[in-house]
Amino acid sequence: HIRDMENTFKKELKKYPDWHQSVELLQTIPGIGPNAAAIFLTETKDLNGFGVSRQLTAYSGIAPAPYSSGSSVHRNASISKIGDPRLRQAFYMAALSATRLKNSPYYDFYRRLREKGKPAKVALIAVARKLMVLCFSIMKSRKPYDPAYRAASI
């Protein structure tokens with residue numbers, strides 16, 4: 001049944017060239033599959049209303065949110081969970097996938113965070129956030145993922 005659903009999805013997607021191209025672009029990122037790409041596009045409404053990636057991470061609920069109560073209670077920051085649960089879940093699963101690929105830059109990023117003493121879930125959420133920001137950038141630039149790309153320093 002799953003294979004039939006995936007084939008139907010691929011067939012229906014080809015009827016909409018813009019969405020098909022967007023899904024193909026997003027799948028160039030290690031860890032992002034057809035499900036995560038489709039959820040990203042549908043839940044963000046093709047990025048309408050998002051000017052910067054920070055808005056998108058806040059909308060999805062994976063942005064860090066400080067916890068404090070007056071002057072006596074301070075806890076470590078955690079994710080807000082106020083945002084879209086489907087989007088958050090899809091990118092958490094994509095982060096799991098990306099960190100299991102040994103040749104992925106996200107595997108190295110995850111390992112560095114773990115070596116610094118971060119708990120596994122905190123490191124996975126950091127990878128999920130990084131993947132979401134990358135998806136945002138790819139959709140804005142309409143260029144495929146390039147593992148050798150380095151942002152110009154200002």
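## Overall layout

Helices (H or I, at least four residues) and strands (E, at least two) are DSSP runs, numbered from the N terminus. In this predicted model, the protein has 7 helices and 2 strands. Their order from the N terminus is α-α-α-α-β-β-α-α-α.

Residues are numbered from 1 along each chain as its sequence is written, and side-chain values use heavy atoms, with hydrogens and water left out. Because the model is predicted, local features need pLDDT of at least 70 and side-chain atom pairs count only at pLDDT 80 or more, while totals for chains, interfaces and linings use all residues.

The protein has 154 residues, of which 36% count as buried. Buried means under 20% relative accessible area, exposed over 50%, and partly exposed in between (1.4 Å probe, protein chains only).

## Salt bridges

The whole structure contains 2 salt bridges, each a side-chain nitrogen of Lys or Arg within 4 Å of a carboxyl oxygen of Asp or Glu. In one of them, Lys15 meets Glu12 at 3.1 Å, N to O. Lys15 is exposed, with 53% relative accessible area, and Glu12 is partly exposed at 37%.

Arg86 and Glu43 form a salt bridge at 2.9 Å, N to O. This pair links distant parts of the chain, 43 residues apart: Arg86 belongs to helix H5 (residues 85-100) and Glu43 to helix H3 (residues 34-43). Arg86 is partly exposed, with 46% relative accessibility, whereas Glu43 is buried at 16%.

## A positive surface patch

Arg54, Arg112, Lys116, Lys118, Arg129 and Lys130 form a positive surface patch. Patch residues have over 30% relative accessible area and no salt bridge; like charges are joined within 9 Å, and nonpolar side chains (Val, Leu, Ile, Met, Phe, Trp, Tyr) within 5 Å. Lys and Arg count as positive and Asp and Glu as negative, while His and the chain ends are not counted. The place of a charge is taken as NZ of Lys, CZ of Arg, CG of Asp or CD of Glu. The areas come from the Shrake-Rupley method with a 1.4 Å probe, and for residues only the protein chains shown count as cover.

Lys118 sits in the loop between helix H6 (105-115) and helix H7 (120-141) and is partly exposed, at 38% relative accessible area. Arg129 is part of helix H7 and is partly exposed at 32%. The C-alpha atom of Arg129 is 9.7 Å from that of Ser53, although the two residues are 76 residues apart along the chain.

## The segment after H7

Arg142 lies in the segment after H7. Arg142 is not a glycine, yet has a positive phi of about 60°. Its relative accessible area of 32% makes Arg142 partly exposed.

Lys143 is found in the segment after H7 and is exposed, at 56% relative accessible area.
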